[in-house]
Amino acid sequence: MNAYDIIRKPLLSEKSYADIQSKKYWFIVDKDATKVDVKNAVEEIFKVKVAKVTTAVMPGKPKTHKAGKKKSIDITTSEYKKACVTLTKESKAIEFFESLS
């Protein structure tokens, strides 16, 4: 699997912005990717040293959409996997996230 296939996109939220100062970065990753895959992909793409990776699969949420008069459609959003990547103290920061803080 290609490193760019594993790391789908950065996860940008209030919590992820707060973690940037402590060199923790959040990503949405491929569902089949392991922690080792995520670590290797981040090290390859951003040229940094990773100390720790934690992952979690986020379940889909039920939503209701109105589809006209007195009709509603119940759907579920897609589930996804997110990863928190912590860098080593001597590693440089990821430039993309540093521009956001």
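Reader: Which backbone nitrogen does the side chain of Asp30 reach?
Author: In this predicted model, Asp30 sits in the loop between strand 2 and helix 3. Its relative accessible area is 12%, under the 20% limit, so Asp30 is buried. At 3.2 Å, the side chain of Asp30 reaches the backbone nitrogen of Asp32.

Reader: How many residues apart in sequence are the parts that Arg8 and Asp30 tie together?
Author: Arg8 and Asp30 form a salt bridge, with 2.6 Å between the closest N and O atoms. Arg8 belongs to strand 1 (residues 7-10), while Asp30 belongs to the loop between strand 2 and helix 3, so the parts tied together are 22 residues apart in sequence.

Reader: Does Arg8 count as buried or exposed?
Author: The relative accessibility of Arg8 is 53%. Exposed means over 50%, so Arg8 counts as exposed.

Reader: What is the distance between the closest N and O atoms of Glu79 and Lys31?
Author: A search of the whole structure finds 2 salt bridges, and Glu79 forms one with Lys31. Glu79 lies in the loop between strand 5 (72-76) and strand 6 (80-87) and Lys31 in the loop between strand 2 and helix 3, so the pair ties together parts 48 residues apart in sequence. Glu79 is partly exposed at 38% relative accessible area, and Lys31 is partly exposed at 46%. The closest N and O atoms of Glu79 and Lys31 are apart by 3.9 Å.

Reader: Which residues gather in a patch of positive charge on the surface?
Author: One member of the patch, Lys52, is in strand 3 (residues 50-58). The residues that gather there are Lys15, Lys24, Lys35 and Lys52.

Reader: What is phi of Lys47 near?
Author: Lys47 is in the loop between helix 3 (35-46) and strand 3, and it is exposed, with a relative accessible area of 60%. Most residues other than glycine have a negative phi. Lys47 has a positive phi, near 55 degrees.

Reader: Where is Lys23, the residue with phi near 60 degrees?
Author: The phi of Lys23 is positive, and Lys23 is a residue other than glycine. Lys23 is placed in the loop between helix 2 (14-19) and strand 2 (24-29).

Reader: What is the area of the nonpolar surface patch that includes Leu100?
Author: Leu100 is in the segment after helix 4 (95-98) and is partly exposed, with a relative accessible area of 33%. Leu12, Tyr17, Phe96 and Leu100 make the patch, and its area is about 340 Å².

Note on methods. Residues numbered from 1 in each chain as written. Predicted model: local features only at pLDDT ≥ 70, side-chain atom pairs only at ≥ 80, totals over all residues. Heavy atoms only, no water. Patch = residues over 30% accessible without salt bridge, like charges linked within 9 Å, V, L, I, M, F, W, Y side chains within 5 Å. Areas by Shrake-Rupley, 256 points an atom, 1.4 Å probe, with all protein chains shown as cover. Salt bridge = Lys/Arg side-chain N within 4 Å of Asp/Glu carboxyl O. Lys, Arg positive; Asp, Glu negative; His and termini not counted. Charge placed at Lys NZ, Arg CZ, Asp CG, Glu CD. Helix = DSSP H or I, 4+ residues; strand = E, 2+ residues; numbered from the N terminus. Buried < 20%, exposed > 50% of the residue type's maximum accessible area, 1.4 Å probe, protein only. Polar contact = N/O pair within 3.5 Å; in protein donor to acceptor, adjacent residues only side chain to side chain.
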